[in-house]
Amino acid sequence: MSSTYQPVKCNPSCNCDDEQKQCTYHRRYAEMSSSSGVLGEDLVSFGNESELMPQRAVFGCENVETGDLYNQRADGIMGLGRGRLSIMDQLVDKGVIGDSFSLCYGGMDVDGGAMVLGKITPPPDMVFSHSDPFRSPYYNIEMKEIHVAGKRLELPDGAFDGRHGTVLDSGTTYAYFRRDAFAAFRDAVRSNC
């Protein structure tokens, strides 16, 4: 219903609908839920407390969702991953923000946490972890160990060195481990509950 909305017209760089008029998308997630629909473009606003002015961005207008996406209380998903449809990459490509973002869950005297798009001056005690875009299309970190109740789990070398490394995903509550790492983690949690 937006007066500034425009459909993304069918072109060689997208999958098209049956009428060959509009670009479509389909995403399947690790827990097997999915989202599909058409691509549109409109002004995206970042809230009253944002210094960022509204920007035109391409996004998915969902027609069908399955699994946890359908059953959850939230209504929609914001693409923060890497790729041309990511809101982050669109804003970086326009030169609106620096190539960085931060998520803080809770704290910072803001209910529910905060999201920062672009670079900020970090607190002096902040610890960073590099994410290698050439290793994986996901945000991965080099994880070295897990502690449960203050005790380091005894895990074999390479327990976190899978194909994509350790992936951080703000869009899921699931955690996936190698069998031996999962068993050690599960047993430690059970023995401390």
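1. Let's start with the spacing: taken over C-alpha atoms, the centres of domain 1 and domain 2 are separated by 29 Å. Domain 1 covers 1-97 and domain 2 covers 129-192, with bounds that come from an automatic or database domain assignment.

2. Before going on, keep in mind that this is a predicted model, where local features need pLDDT of at least 70, side-chain atom pairs count only at pLDDT 80 or more, and totals for chains, interfaces and linings use all residues. Residues are numbered from 1 along each chain as its sequence is written, and side-chain values use heavy atoms, leaving out hydrogens and water.

3. Who touches whom? On the domain 1 side, 6 residues are in contact with 10 residues of domain 2 (contact means heavy atoms within 4.5 Å).

4. As for area, about 610 Å² is buried between domain 1 and domain 2, with carbon and sulfur atoms giving 44%. That is the accessible area (1.4 Å probe) the two parts lose on being put together, summed over both. In domain 1, E31, L80 and R82 lose the most area to domain 2, together 75% of what that side buries.

5. Between domain 1 and domain 2 the salt bridge count is 0 (a side-chain nitrogen of Lys or Arg within 4 Å of a carboxyl oxygen of Asp or Glu).

6. The structure holds 1 aromatic pair (ring centres within 6.5 Å; planes under 30 degrees apart are stacked, over 60 edge-to-face, the rest tilted). The rings of F177 and F185 have centres 5.3 Å apart and planes at 35°, so this pair is tilted.

Key. Rings of Phe, Tyr and Trp (its six-membered ring) pair if their centres lie within 6.5 Å; planes under 30 degrees apart count as stacked, over 60 as edge-to-face and the rest as tilted.
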